[in-house]
Amino acid sequence: MSVKECNHHKGNKHKRIRKIFWGIVIFLFIVLLTILITWAILKPSKPSFILQDVTVYAFNATVPNFLTSNFQVTVSSHNPNNKIGIYYDRLDAFITYRSQQITYRTAIPPSYQGHKDLDVWSPFVYGTNVPVAPYNSVTLSQDQSNGNVLVVVKIDGRVRWKVGTFISGHYHVFVRCPAFITFGPQSNGISVGDSGAVKYQIVQRCTVSV
């Protein structure tokens, strides 16, 4: 076989490799373009959250600059999308007062939320002798004495969207639910059992950032 024929066969081989390469590139481009167009048409909407109630089992701010508390919060989440599911891969619930975290984080089990589905979670969120900034400690004691404390239930986590068989990357979700806790004569809570716990019906729509 001549050298010219060998070069001819090598040239054909390189052409076939290039065709295969560009065929794969074009195929992947079409797939990605289809996903992007589908995504743009569907326009996924972020989930909505509602704080339904808060049960206070403990709230002790008598020790200066420290707070011991125990809450059970009930939060519902609704997926408004017709054709998009939501994976809640990580959700942590905690409570803040004047932008300072006053409880530990409590993990909510991972879950999948189908189209138009509604999920309800009731995690316990608590903290034992949690340090409170001096300026917040003073206002917290004053607010409790006045019978009205504004706290914020927050949920921080990561979600993924599911469209057909396509699953997106992770997105950060941050939920903020304000709640007024009343004490003393003006309390509007309901006693729960013999434990001294008080349940407050909130039904407060939360702000959601994704």
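**View 1. Helix H2 (residues 134-146) in the predicted model**. Helix H2 has 13 residues, which at 1.5 Å a residue should span 18 Å, and its end C-alpha atoms are 18 Å apart, in agreement. The expected span is 1.5 Å times one less than the number of residues. Helices (H or I, at least four residues) and strands (E, at least two) are DSSP runs, numbered from the N terminus. Just after H2, Gly147 has a positive phi of about 90 degrees.

**View 2. Buried residues of H2**. Asn136, Ser137, Thr139, Leu140 and Asp143 are buried (under 20% relative accessible area; exposed is over 50%, partly exposed in between; 1.4 Å probe, protein chains only). The buried residues of H2 pack against strands S1 (48-60), S2 (66-78), S3 (85-97), S4 (100-101) and S9 (148-163), with contact meaning heavy atoms within 4.5 Å.

**View 3. The disulfide of Cys177 and Cys206**. The sulfur atoms of this pair are 2.1 Å apart, and a disulfide is counted when two cysteine sulfur atoms lie within 2.5 Å. The link is right-handed, with 105 degrees about the S-S bond. Cys177 lies in strand S11 (residues 171-182) and Cys206 in the loop between strand S13 (197-205) and strand S14 (207-209), so the pair ties together parts that are 29 residues apart in sequence. Both cysteines are buried.

**View 4. Ile30 in helix H1 (residues 3-42)**. Ile30 is partly exposed, with a relative accessible area of 48%.

**Notes.** Residues are numbered from 1 along each chain as its sequence is written. In this predicted model, local features need pLDDT of at least 70 and side-chain atom pairs count only at pLDDT 80 or more, while totals for chains, interfaces and linings use all residues; side-chain values use heavy atoms, without hydrogens and water.
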